[in-house]
Each structure stands twice: as structure tokens, then as C-alpha cells.
Amino acid sequence: MSLTPIFVYGTLKRGMHNYERFLKDKATFKCEAETVGKFPLVVDAIGIPYLIGKEGTGHRVKGEIFEVNDDLLVDLDKLEGHPDWYERTKRPVETPSGIEQIWVYMLPKGPNTEVTPMFNDYTPEHHLKYISGENRDGLHKSEWGGYEKREAEN
């Protein structure tokens, strides 16, 4: 079975919710890395990060590279809704050993980046707001697909 390198920047990073569910003990951590290009990394009201495929806007984004087997790649595609929601696309990523073309999940469209905060890293502070999929019933999605705020906060 072949191994595929993927760049993760959000809830799949070590110590985050989906790392525990999908990558821990199933994938091999290779290194920390950073996108070569600048991209908008936004975080919605419930702590979900979105890397928007709008190169040239935002920041170089920090993340991690893991090697995954074919079965786990299929599971990650399902998690990310590839190809209907996120798109898995190869992008240049800077690693300690140089620049490599690595698979990364990106959202083709997102919020208005002129008024939405953009980040270079998804942090534990962002992750404190994270609500997992099984607990999102009744939450309001924005026009572009991210969650705006919990109904209880209205």
C-alpha cells in the first residue's frame, strides 16, 4: 500500500480533535511545514478552520505533514467532503528539506476576506471553540458555508 503526504493546518494537527480521531496511531508525522504561497486561513464561530483557495491573499499558513495510507486518504476525503466541499489539491509547501508539492484540502470559495480576520496558524485558542460534527444540529451556516454563531447566542 502506498503512502501519500498531506499537509494539515487545522483540526487534523497534533493535539486537535480530528488528529485524535483520524491520524493518531494511523499516520506518520513527517514535519512541520508552511505554505509557499499566501492564502486566507479563516476560523468560523465554532472553531472550524477553512483554508481558502485564493492564493495571494492572507498569509503563509503553518501546518504539519503526515504520510497516510490509501484507506486513510479515503477517510480524510470523506471527512473533508472532497470533492464536493473541500478540494484536495497539490500546493508547494516549504519543509525543512526544501519545497515539495503536497496534497492540501482547500475550500474553493469563502467569506469576504476584506472583512474577515485571516490567520497564519490554527492555534489551541481557536480550537477551544471547536464543536464537532455530531454536535452541530441547529447551528446557523453562513452564505459561504461556515458557521456564524450558535443559535443560543442570538
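**Pairs, rings and a helix in a predicted model**

User: With a relative accessibility of 27%, does arginine 60 count as buried, partly exposed or exposed?

Analyst: In this predicted model, the relative accessibility of arginine 60 is 27%. Buried would need a value under 20% and exposed a value over 50%, with partly exposed in between. Arginine 60 therefore counts as partly exposed.

User: Glutamate 34 forms a salt bridge with arginine 60, so how many residues apart in sequence are the parts that this pair ties together?

Analyst: The closest N and O atoms of glutamate 34 and arginine 60 are 3.6 Å apart, and a salt bridge needs such atoms within 4 Å. Glutamate 34 belongs to strand β2 (residues 28-39) and arginine 60 to strand β5 (residues 59-69), so the separation in sequence between the parts that they tie together is 26 residues.

User: Which residue forms a salt bridge with lysine 13, and where does that residue lie?

Analyst: The partner of lysine 13 is aspartate 121, and their closest N and O atoms are 2.6 Å apart. Lysine 13 itself lies in the loop between β1 (3-8) and α1 (17-23), so the bridge ties together parts that are 108 residues apart in sequence. The place of the partner, aspartate 121, is the loop between β7 (98-106) and α3 (124-127).

User: How many salt bridges does the count come to?

Analyst: One of the bridges joins the side chains of glutamate 55 and arginine 91, with 3.3 Å from N to O. Others link Arg14, Glu32 and Glu64 in a network. By the rule of 4 Å between nitrogen and oxygen, the count comes to eight.

User: Over what arc around the axis do the buried residues of helix α2 lie?

Analyst: Helix α2 (residues 70-80) has the buried residues Leu72, Leu73, Leu76, Asp77 and Glu80. These residues are on the same side of α2, because the arc that they cover around the axis is only 145°.

User: Which backbone nitrogen does a side-chain oxygen of asparagine 69 reach at the start of α2?

Analyst: Just after α2, glycine 81 has a positive phi of about 70°, whereas the contact in question is at the start of the helix. There, a side-chain oxygen of asparagine 69 comes to within 3.1 Å of the backbone nitrogen of aspartate 71.

User: Which side chain makes a polar contact with the side chain of threonine 11?

Analyst: Threonine 11 is found in the loop between β1 and α1 and is buried, with a relative accessible area of 10%. Its contacts beyond the neighbours within four places in sequence include Pro49, Tyr122 and His127. The polar contact, at 2.9 Å, is with the side chain of asparagine 18.

User: What is the angle between the ring planes of tyrosine 19 and phenylalanine 66?

Analyst: The structure holds six aromatic pairs. One of them is formed by tyrosine 19 and phenylalanine 66, whose centres are 5.9 Å apart.

Notes. Residues are numbered from 1 along each chain as its sequence is written. This is a predicted model: local features need pLDDT of at least 70, side-chain atom pairs count only at pLDDT 80 or more; totals for chains, interfaces and linings use all residues. Side-chain values use heavy atoms; hydrogens and water are left out. Helices (H or I, at least four residues) and strands (E, at least two) are DSSP runs, numbered from the N terminus. Buried means under 20% relative accessible area, exposed over 50%, partly exposed in between (1.4 Å probe, protein chains only). The arc is that of the directions from the helix axis to the C-beta atoms. A polar contact is a pair of N or O atoms within 3.5 Å; within protein, one must be able to donate a hydrogen and the other to accept it, and residues adjacent in sequence count only if both atoms are side-chain atoms. Contact means heavy atoms within 4.5 Å. Rings of Phe, Tyr and Trp (its six-membered ring) pair if their centres lie within 6.5 Å; planes under 30 degrees apart count as stacked, over 60 as edge-to-face and the rest as tilted.
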